[in-house]
Amino acid sequence: MSEMNREIGERIKGIRTLNKLTPDEFAKRAGTTPEQLSQYEDGSVEIPVSFLHDLSQHFDISMTELLSGESAKLSQYSVVRKGKGVGVSRRKDYDYQSLAYNFAERTTDPFYITIEPKHDSDAPSLVCHAGQEFHYVLDGTVRVKIDKHETVLQAGDSVYFDSTYPHSIEALENKTAHMIIVISGKE
């Protein structure tokens with residue numbers, strides 16, 4: 001269990017407690033199972049960014065607060081220097097860096113993502129959540145699956161889609177890929 005997962009899990013449990021919801025009630029509202037919620041709260045599993053995004057939208061809490069435990073303070077503009085984004089290792093093959101973590105009341109969440117090639121035969125898990133996403137490939141080659149559609153993107157390619165459809169990304173050609181992903185809130 002990573003320290004970051006444990007800390008985020010404590011914040012998730014705090015949200016549930018502040019809203020005076022049982023684990024079953026909270027799990028239903030958060031779009032997960034009570035068993036999965038328990039694992040998120042104790043930090044024993046990786047917590048998908050899509051789950052955190054949905055949670056932030058549903059309970060009106062910023063991603064910054066979920067990820068770092070601090071409130072965003074900036075309102076006119078925000079500069080995040082190279083390598084200084086708030087890091088989020090949510091899955092073993094994805095590494096996220098929040099690129100606007102310090103901007104208050106943002107309507108989108110931009111991330112710099114490093115995608116490691118998979119070294120097993122398992123297909124990447126599909127996720128879905130409220131809102132829309134924009135993916136821009138900086139380098140490498142990735143396969144993007146959106147519902148029943150699949151496309152391969154290379155450096156300079158992009159895709160914009162409704163993220164309520166199940167979707168996944170994976171690095172191809174046994175090489176690491178880097179992307180900018182922007183997740184919007186609910187419509």
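Student: Which residues does Arg-16 touch, not counting residues up to four places away in sequence?

Tutor: Some ground rules come with that: this is a predicted model, where local features need pLDDT of at least 70, side-chain atom pairs count only at pLDDT 80 or more, and totals for chains, interfaces and linings use all residues. Residues are numbered from 1 along each chain as its sequence is written, and side-chain values use heavy atoms, with hydrogens and water left out. Arg-16 touches Leu-21, Thr-22, Pro-23, Phe-26, Leu-37 and Glu-41. Contact means heavy atoms within 4.5 Å.

Student: Where is Arg-16 found?

Tutor: In helix α1, residues 3-18. Helices (H or I, at least four residues) and strands (E, at least two) are DSSP runs, numbered from the N terminus.

Student: Is Arg-16 buried or exposed?

Tutor: Arg-16 counts as buried, with 10% relative accessibility. Buried means under 20% relative accessible area, exposed over 50%, and partly exposed in between, with a 1.4 Å probe and protein chains only.

Student: How far apart are Arg-16 and Thr-107 in space?

Tutor: They are 23 Å apart, C-alpha to C-alpha, and 91 residues apart in sequence.

Student: New topic. How many cavities of 30 Å³ or more are there?

Tutor: The count is one. On a 1 Å grid over the protein atoms alone, a cavity is a set of points where a 1.4 Å probe fits but cannot get out, and a pocket is an open set with protein on both sides within 12 Å along at least five of seven lines; lining residues have an atom within 4 Å of a point.

Student: How much space lies in the largest cavity?

Tutor: About 180 Å³. Grid points are joined across faces, edges and corners, and a volume is the space filled by probe spheres set on the points.

Student: What lines the largest cavity?

Tutor: The lining has 17 residues, and Tyr-94, Tyr-96, Val-127, Glu-133 and His-167 lie nearest the centre. Elements giving two or more residues are α4 (49-58), β2 (94-98), β4 (132-139), β8 (167-171) and β9 (177-184). The largest share, three residues, comes from β8. By class, the lining holds nine nonpolar, six polar and two charged residues. Ala, Val, Leu, Ile, Met, Phe, Trp, Tyr, Cys and Pro count as nonpolar, Asp, Glu, Lys and Arg as charged, and the others, Gly among them, as polar.

Student: How many residues of β8 are buried?

Tutor: Five of the five, so β8 is largely enclosed by the rest of the structure. In a regular strand the side chains alternate between the two faces of the sheet. Both faces of β8 are covered, with His-167, Ile-169 and Ala-171 on one side and Ser-168 and Glu-170 on the other.

Student: Which strand is joined to β8 by five bridges?

Tutor: Strand β5, residues 141-146, and the two run antiparallel. Ile-146 has His-167 as its bridge partner in β8. Two strands pair if DSSP finds at least two bridges between them.

Student: What about β9, how many of its eight residues are buried?

Tutor: Six of the eight are buried, so β9 is largely enclosed by the rest of the structure. Eight bridges join β9 to strand β3 (residues 108-115), and these run antiparallel. Six bridges join β9 to β4, also antiparallel. Across from Ile-180 in β9 stands Tyr-136, while Ile-183 in β9 has Asp-109 opposite.

Student: What does the side chain of Asp-109 make a polar contact with?

Tutor: The side chain of Arg-106, at 2.6 Å. A polar contact is a pair of N or O atoms within 3.5 Å; within protein, one must be able to donate a hydrogen and the other to accept it, and residues adjacent in sequence count only if both atoms are side-chain atoms. Asp-109 is found in β3 and counts as buried at 6% relative accessibility. Leaving out residues up to four places away in sequence, Asp-109 touches His-53, Met-63, Ile-181, Val-182 and Ile-183.

Student: Which residues are closest to the centre of the largest pocket?

Tutor: That pocket holds about 310 Å³ of space. Of its 20 lining residues, Ile-61, Ser-62, Met-63, Glu-105 and Arg-106 are the closest to its centre. α4 gives the largest share of the lining, three residues.
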